[in-house]
Amino acid sequence: MKHCKRLEIVIEQPMARRLSGLLDELEVPGYTIIHQASGRGDRGTRQADDISGALTNCLFVIACPDEALAGRIVEHIRPLLTRSGGICMMSDAMWVRH
């Protein structure tokens, strides 16, 4: 196993493409996107069954092997989250290498 930083980013579904592009620009080696995430936060309840997808969230999960890269990701997505809402959580994790 290897130490890593786990980033979880919840953002509005319409912003997913923009966030993916930003992660690609930062040369993030990989991430997982879980579409149609629902829940409740400071901007109210989000349902996963919105027909247009405009009121739906998605979840990005990133296992980041480099702490410096994790910090750059957070700093680059902060303006996006400030404008459109969403959250980013970073925690220590163990990457089970195969």
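Me: At which residue of H2 does the kink of about 35 degrees lie?
Reply: The model is predicted, with local features needing pLDDT of at least 70 and side-chain atom pairs pLDDT 80 or more, while totals for chains, interfaces and linings use all residues. Residues are numbered from 1 along each chain as its sequence is written, and side-chain values use heavy atoms, without hydrogens or water. The bend at a residue is the angle between axes fitted to the seven residues ending there and the seven starting there. In H2 the kink comes shortly before the proline Pro79, at Ile77.

Me: How far apart are the end C-alpha atoms of helix H2?
Reply: Helices are DSSP runs (H or I) of at least four residues and strands (E) of at least two, numbered from the N terminus. Helix H2 covers residues 67-84, so its 18 residues should span 26 Å, the expected span being 1.5 Å times one less than the number of residues.

Me: Which elements do the buried residues of H2 pack against?
Reply: Buried means under 20% relative accessible area, exposed over 50%, and partly exposed in between (1.4 Å probe, protein chains only). In H2 the buried residues are Leu69, Ala70, Ile73, Val74, Ile77, Leu80, Leu81 and Ser84. They pack against strand E1 (2-12), H1, E5 and strand E6 (87-95).

Me: Which residues is Leu19 in contact with, leaving aside its neighbours within four places in sequence?
Reply: Leu19 belongs to helix H1, and it counts as buried because its relative accessible area is 0%. Contact means heavy atoms within 4.5 Å. With those neighbours left aside, the contacts of Leu19 are Ile9, Ile11, Phe60, Ile77 and Leu80.

Me: Are the rings of Tyr31 and Phe60 stacked, edge-to-face or tilted?
Reply: Rings of Phe, Tyr and Trp (its six-membered ring) pair if their centres lie within 6.5 Å, and planes under 30 degrees apart count as stacked, over 60 as edge-to-face and the rest as tilted. A search of the whole structure finds one aromatic pair. Since the ring centres of Tyr31 and Phe60 are 5.7 Å apart and their planes stand at 40 degrees, the pair is tilted.

Me: How many residues apart are Tyr31 and Phe60, in the pair that links distant parts of the chain?
Reply: Tyr31 lies in the loop between helix H1 (16-25) and strand E2 (32-37), whereas Phe60 lies in strand E5 (residues 57-64). Tyr31, at 27% relative accessibility, counts as partly exposed, while Phe60, at 0%, counts as buried.
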